[in-house]
Amino acid sequence: MKSLSLSASLVLIASAVTAEPWALRAADAVLSEEEIATDVIGQRLVFYDNGESRFSPGGSYSYTYFQGGTAYGTYRLVEPGVICIDFRNGFGRCDKYVRNGANLVILTESGERYPVRP
């Protein structure tokens, strides 16, 4: 029984390590650290639902919902193109930032795509 439990655990660990959490498309180019610094940090990113993200150069983050209200937190770059946000309410998320042609797109770990308005 122990060996079955151990092998099941190893399969789960191997799957977690090899799985790609973001659904990249062939034309997606992950933003470099330099591109994050120029195209995301200090910028106002407005989405097609009129929600708005702001990443301050000092590490603060805010998201203003299109219906009103703002969520605040801090962000950190964890790998090229990936920014993790820790919200004040305890919620957190990591997203991958890519360019698809001329468009900036945010990919969630669950496979959703949020294009930023030009």
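A disulfide, defined as a pair of cysteine sulfur atoms within 2.5 Å, joins cysteine 84 to cysteine 94 with an S to S distance of 1.9 Å. The structure is a predicted model, in which local features need pLDDT of at least 70, side-chain atom pairs count only at pLDDT 80 or more, and totals for chains, interfaces and linings use all residues. Residues are numbered from 1 along each chain as its sequence is written, and side-chain values use heavy atoms, with hydrogens and water left out.

**Disulfide**
- A search of the whole structure finds 1 disulfide.
- The link of cysteine 84 and cysteine 94 is right-handed, with 105° about the S-S bond.
- The pair links distant parts of the chain, 10 residues apart: cysteine 84 lies in strand 6 and cysteine 94 in strand 7 (residues 92-100); strands are DSSP runs of E, at least two residues long, numbered from the N terminus.
- Cysteine 84 is buried, at 3% relative accessible area, where buried means under 20% (1.4 Å probe, protein chains only).

**Nonpolar cores**
- A nonpolar core is a set of buried Ala, Val, Leu, Ile, Met, Phe, Trp, Tyr and Cys residues joined through side-chain atoms within 4.5 Å.
- The largest such core has 18 residues, and Val40, Phe55, Ile83 and Tyr97 have the most contacts inside it.
- At least two residues of this core come from each of strand 4 (60-64), strand 5 (70-79), strand 6 (82-87) and strand 8 (103-108).
- Strand 6 gives the most to this core, with 3 residues.
- Apart from it lies another core, of 7 residues, among them Val82, Cys84, Cys94 and Val105.

**Tyrosine 97**
- Leaving aside neighbours within four places in sequence, tyrosine 97 is in contact (heavy atoms within 4.5 Å) with residues including Val40, Phe55, Ile83 and Val105.

Definitions and conventions
Buried < 20%, exposed > 50% of the residue type's maximum accessible area, 1.4 Å probe, protein only. Helix = DSSP H or I, 4+ residues; strand = E, 2+ residues; numbered from the N terminus.
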